[in-house]
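User: I have a model open and want to go through some of its contacts. Can you take my questions as they come?

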Amino acid sequence: MILWTDKYKPKNSDGIIAQKKALEQTREWLGKWKKGRALLFYGPPGVGKSLIPEVLASEGNMELMQLNASEKRNTEQIERFLHTARTRSLFSRGKFILLDEIDGISGQDRGAVSSIIKLIKNSDYPVFLVANDPYSAKLRPLRAYAELVKFSRIPVPSVAKRLREICEKEGIKAEPDVLKNLARWSQGDLRSAITDLQMVCQGEKEISPKNLEILGFREREAGVFEIMPAIFRSGSINAARNMIKTADKDPDEIFLWIEANIQYEFREPEEIAEAYDILSKADIFRGIVSRQQNWRFKGYMIDIMSGVSLAGNGERHGWVKYQSPQKLFILGSTKAKRAAMESLCRKIGSVLHCSSRKAKEAYVPYLKILMKKQKGLAEGLGLEPEEIEIIRKF
Ligand SMILES: Nc1ncnc2c1ncn2[C@@H]1O[C@H](COP(=O)(O)OP(=O)(O)O)[C@@H](O)[C@H]1O
Ligand SMILES: [Mg+2]
């Protein structure tokens, strides 16, 4: 299968979407390039950081020598690459050197950073570095040798437009809403938008919102960091609901994630208020579910939760680092306590020949009193120290 990200990779700089400033800055820098200086591209994934050196190299009929530093490499391998890269061979055409994903070099590998610096100092050719986060401590020494070029997320309308062009070339009819949602979903990551589109179009001549469900299924194995944008940014209650229903996480847990991240996802106070308002309505049903064990209401809770996908004016800002909800840890710890309590009651029940529920209701409160009076009682029942502790605090 040929990947559409390769098939539709621009051949020249006219095809590069957005990134005008980055492209301009790069050209200018190349024009006055001096040995000893490098260019450091940084920004979110899938926006053209690796693409620009490639396109500029082919436009200038240059060779592009690249090393992806994120694949486990040691200093020695990097050194070897750098050695062949930096020196001019007699008849070769010019080249660009691209060290991609350098945040991938491991923190302990101090040697790697200093050999990159060595390369920058000695290279006869321009060196491009690419990192997601150029401000990380381990890359600090490099920054003295590099000019930073910032890459931004690609605006949603531009992503949608690109998806439309690809559909036209593939002869696929797409409803505009589908492409818009795919674009929003991607959070300005064109690579993932194109990959998603290719998945959705698999074997189709026409795509409608229904086809997006396949992404829901793909998201099944996805972590919460894929689930969150799908809920917050799909722009469709159906897509959000589908995600909550098919995700491998419990809706209660997703609820907590939404609650914890509304403040990061939305910018305007009114939007934040609106989102919390929607969630508070879902919370009413959440309460009924847990109090009455009434699972029918779980469906209502999910339906209402999905409404956060439409909160605000639909505009979302940049990339959001979703935070894990504090409450989960608390729930986690009470869960452990509950499990310990259950095992305790089972033990007592088996000694006293009663159900563990009866043990909990009828005996544990008395055990607490008896234990104080009668030393060695708990040990006699075969209880573990943690279990004794639970009874003490009961
Ligand atoms: N600005 C862009 N213009 C056109 N296509 C792009 C752009 N950014 C990304 N793409 C598409 O996404 C793919 C991956 O882009 P790439 O530059 O490798 O991303 P990264 O920023 O993570 O290095 C490209 O091969 C291309 O198909
Ligand atoms: Mg890249």
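User: Which residues in helix 14 meet which residues in helix 15?

Analyst: First, the ground rules: this is a predicted model, where local features need pLDDT of at least 70, side-chain atom pairs count only at pLDDT 80 or more, and totals for chains, interfaces and linings use all residues. Residues are numbered from 1 along each chain as its sequence is written, chains are lettered from A and ligands numbered from 1 in the order in which they are written, and side-chain values use heavy atoms, with hydrogens and water left out.
Analyst: From helix 14 the residues are Ile278, Leu279, Lys281, Ala282, Phe285, Arg286, Ile288 and Val289, and they meet Phe297, Lys298, Tyr300, Met301, Ile304 and Met305 of helix 15. Contact means heavy atoms within 4.5 Å. Helices (H or I, at least four residues) are DSSP runs, numbered from the N terminus.

User: What classes do the residues of that contact of helix 14 with helix 15 divide into?

Analyst: The contact of helix 14 with helix 15 has eleven nonpolar, no polar and three charged residues. Here Ala, Val, Leu, Ile, Met, Phe, Trp, Tyr, Cys and Pro count as nonpolar, Asp, Glu, Lys and Arg as charged, and the others, Gly among them, as polar.

User: At what angle do helix 14 and helix 15 pack?

Analyst: About 165°, with the axes of helix 14 (residues 269-292) and helix 15 (residues 296-306) 8 Å apart. Axes are lines fitted to C-alpha atoms, for helices over the stretch in contact, and angles run from 0 to 180 degrees between N-to-C directions. Helix 14 and helix 15 are therefore roughly antiparallel, a label for angles over 145 degrees, while under 35 counts as roughly parallel.

User: Helix 4 and helix 5 next. What angle there?

Analyst: Helix 4 (residues 75-86) packs on helix 5 (residues 110-122) at about 5°, and their axes are 9 Å apart. That makes the two helices roughly parallel.

User: And which residues of helix 4 and helix 5 meet?

Analyst: Thr75, Ile78, Glu79, Leu82 and Arg86 in helix 4 meet Gly111, Ala112, Ser115, Ile116, Lys118, Leu119 and Asn122 in helix 5. By class, five residues of this contact are nonpolar, four polar and three charged.

User: Change of topic. How many salt bridges does a search of the whole structure find?

Analyst: There are 14, where a salt bridge is a side-chain nitrogen of Lys or Arg within 4 Å of a carboxyl oxygen of Asp or Glu. One of them joins the side chains of Glu170 and Lys7, at 2.6 Å from N to O. Glu170 lies in helix 7 (residues 156-170) and Lys7 in helix 1 (residues 4-7), so the pair ties together parts that are 163 residues apart in sequence.

User: Which residues are linked in a network of salt bridges?

Analyst: Lys161, Arg162 and Glu165. Glu165 pairs with Arg162, the closest N and O atoms being 2.8 Å apart, and with Lys161 at 3.8 Å, N to O. Lys161 and Glu165 are four residues apart in helix 7, so about one helical turn separates them.

User: Is Arg162 buried or exposed?

Analyst: Arg162 is buried, at 11% relative accessible area. Lys161 is partly exposed at 47%, and Glu165 is partly exposed at 28%. Buried means under 20% relative accessible area, exposed over 50%, and partly exposed in between (1.4 Å probe, protein chains only).

User: Last one. What does Gln323 touch?

Analyst: Trp257, Ala260, Asn261 and Tyr264, not counting residues up to four places away in sequence. Gln323 lies in the loop between helix 15 and helix 16 (326-352). The C-alpha atoms of Gln323 and Ala260 are separated by 6.9 Å, although these residues are 63 residues apart along the chain.

Technical notes: Angles under 35 degrees count as roughly parallel, over 145 as roughly antiparallel, 65 to 115 as roughly perpendicular and the rest as oblique.
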